Amino acid sequence: MSDSESGLFASTPEAVFYLVSDEDTAEELTTEKIEILDEQPGVQAALELEQLPDSNLFDQILKQAKLGSRWGKDLSKVYRDYLENRIEQVDESVLADELEAQFSRYDADPYESAVLGDPMTVGIDLTSQIQSELDQWDQQQFTRADLAAAVGISDQSDLTDRNTRGGIVFSSGTPLSELKHNRQFVRASHNLQQLLLIGLDVALIAPVGGPDEQETVETTFRGVGSFTVESVSGAEFNVGDEIATAVDEWYDRLLYSVADNRVVENVVRPASVTAYDLPSEDWARHFKNAITIGLQGVYSEKSFSETRFNDMWEQRVSSHENYDQYRSRRKTFPEVKVTRKNDGGTHNFALYHEGPSATPHVCGLPTQSSNPEEELVDLIERFLDADRVSEQRWQHLLEGFEGIAESLDAPSKDLVTNALLHRHRRRQQLTPLLPPSEEDTDTFNAKREHHNYDDEWYEDHWATILSDYKITKQGGVRAIERKQNLQNSLNPECGADTALYYKLEQDINNAWQYYLDSAEREIQQSLPDDQNLSIERRETSSSKILDITVIPTNGEKQTVTVEVLLPYSEVYVNDTEVPAATVTNTVSEVIDTLGTSHQAQSLNLSHKETSDVLYEITKMYLDIAEFEQGELVYFDDVIEFCQSLSNIQDIFNTPDESVEKNVREFLGTEDYISRLRSSVKFHRKGSDQHGSVKVQGDRYIAMELQEQLQ
């Protein structure tokens, strides 16, 4: 990637966070960026990423920075020389004003300088006071004001000649997510923003630490302007024929209309069948878990009644004598945690949908009634009522279930635990039982496919994995961008990640084609034939472009350019970004940009012919409304009558103006007015609320009928 493409060292200050694959790649890229700085005039420094949030960051940079290259002049030396020259050459009576003016040029305040702050505040014997501070140069703790002034001064010293005044490289062999575990990064965003304001480019380099690394980076630096994240992979994904073939065969069944993170019944059913049919192979793991953990989970949250559950919880659980309210949690419904007061036993209980029919389940078993919330509360209540089984009987039951467990492919402990909790007899009430100790008890959760990522990862990314590339809702306009971001977080050494990478790559490529095809089709349908529409496609290294040209029969040729940098999130019409850039919104912007001259008028009347038609309409209105000599005819009423006529829009409607406004404009034309003058007397607009028509500088609201129109 070239420097111009990467965004670093551009004409205006930018910060770029480079996510690399490993520590070695981070070191290699750091060396590369420093070597680029060696070839650029300006300030340069290289620091550890861990130093970015330090309160003394500006002091560290000023003391380490060089000019021109790693072997150039010390920035602190340039700064000191400047201050010494000022106090030698400028009269003390104007020295303070001189320093304030100079510092303000670099968005700095000398009163906040470590060197000038105290002398400027005291204001007496300023020259000697500053000299005293200069004599203690090595002991100074430089501030943001000092660094800003030093960088600005160096830029005026003919050592630099660019709009940006240099670059700082922060790097680490440790992922940012791990660094944040070990120390506070609260000031990192603020410090980074200040470096940009000073005029410095910033490169931040660190390896990927997990599937959500890019999200961690973006969250950490959310408030920073001109900040981007780029993935620089040290190893490319090698998608073998076996994985590619498998994903291609299943591809159409891995696309759902869920880009806005919503799941309806006609989506959950086919998705559940897909999860059931997918093979138990590593390549399919992410897709199966995205459905069972993510998609079905969201559907469950919507389907089950939290209100009904809460009512029963208050009546039967909260009031139970063995319920520990301080260690239980119900706000995560349809998954809740319940703790027993007498022995501290804790279990998770869940309602969810499972299987090819998306059947409601309660803690691993299909619901038996139409009220799954009540079944869940029944089970929780049995848990609170249960006694502990003896260790001897527990071991006996485990041994007895070994054969059953093997046949059912389920852990013996799960089977025994559920059997004890649900045990009952027709004519005798049995107390539910629990394993002898908490450590022997498994939680009653949904059955999940084995995976290395935790459930939260699938809950965050399921829609990105499964969403269709055909985005039609504004709630999904950034879906393709999210697919690219997820790609950047995947591990090429993992088979499941490789399959997901390939599927996301197919989505992205298909999205380009779908977006351009749909936009072109809708534009063609939105303009009549006499506009002589032509659309050409072209590509650049970073975008795909539609050049839309119209040459109306009675108008001028115009061209509108649609540039698609990233489908649904960065689309530009004539260099203006389209907000919420669905295909429909983009096409609307194109039609609006083309303007009035591109609206066909099916009747193709001349200006005079249109005025003549309007005069005849006025005559008929006077006849139908039975106006008599001496009565006032308001132009508002004439316009309202015009709008009630069929096909009137074929003459007066345009994309950027309404029929009402265009008719009102024509009522003021000389061709129309001249035919009325011999028969009416015009009344000028006063303080009333009637609408008017403009006639050669005058505004008339009505005409008084002197004789019948001819």
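This is a predicted model: local features need pLDDT of at least 70, side-chain atom pairs count only at pLDDT 80 or more; totals for chains, interfaces and linings use all residues.
Helices (H or I, at least four residues) and strands (E, at least two) are DSSP runs, numbered from the N terminus.

**Backbone features in loops**

Asn 532 lies in the loop that runs between α22 (495-526) and β14 (534-539). Although Asn 532 is not a glycine, its phi is positive, at about 50°. Its relative accessibility is 43%, and Asn 532 therefore counts as partly exposed.

Glu 626 is likewise a residue other than glycine with a positive phi, in this case near 60°. Glu 626 is placed in the loop between α24 (607-624) and β19 (632-634). With a relative accessibility of 65%, Glu 626 counts as exposed.

A further feature of the backbone concerns a proline. The peptide bond leading from Phe 333 to Pro 334 is cis, and its omega is near 15°. Pro 334 belongs to the loop between α15 (306-317) and β8 (335-339).

**A buried aspartate**

Strand β15, which covers residues 544-550, contains Asp 547. Asp 547 has a relative accessible area of 15%; because buried means under 20%, this residue is classed as buried. Its side chain makes a polar contact with the side chain of Thr 561, at 3.3 Å.

Seven acidic residues need to be located together here: Glu 215, Glu 218, Glu 301, Asp 454, Glu 456, Glu 459 and Asp 460 form a negative surface patch. Two helices, α11 (213-220) and α20 (455-466), each contribute at least two residues to the patch. The largest share, three residues, is supplied by α20.

Among the members of the patch is Glu 301, which is located in helix α14, spanning residues 285-303. The relative accessible area of Glu 301 is 53%, and since exposed means over 50%, Glu 301 is therefore classed as exposed.

**Accessibility of selected residues**

The table below brings together the residues whose accessibility has been described.

| Residue | Relative accessibility | Class |
|---|---|---|
| Glu 301 | 53% | exposed |
| Asn 532 | 43% | partly exposed |
| Asp 547 | 15% | buried |
| Glu 626 | 65% | exposed |

Taken by location, Glu 301 is in helix α14, Asp 547 is in strand β15, Asn 532 is in the loop between α22 and β14, and Glu 626 is in the loop between α24 and β19.

Key
Residues are numbered from 1 along each chain as its sequence is written. Side-chain values use heavy atoms; hydrogens and water are left out. Patches are made of residues with over 30% relative accessible area and no salt bridge: like charges are joined within 9 Å, nonpolar side chains (Val, Leu, Ile, Met, Phe, Trp, Tyr) within 5 Å. Accessible areas come from the Shrake-Rupley method with a 1.4 Å probe; for residues, only the protein chains shown count as cover. A salt bridge is a side-chain nitrogen of Lys or Arg within 4 Å of a carboxyl oxygen of Asp or Glu. Lys and Arg count as positive and Asp and Glu as negative; His and the chain ends are not counted. The place of a charge is taken as NZ of Lys, CZ of Arg, CG of Asp or CD of Glu. Buried means under 20% relative accessible area, exposed over 50%, partly exposed in between (1.4 Å probe, protein chains only). A polar contact is a pair of N or O atoms within 3.5 Å; within protein, one must be able to donate a hydrogen and the other to accept it, and residues adjacent in sequence count only if both atoms are side-chain atoms.
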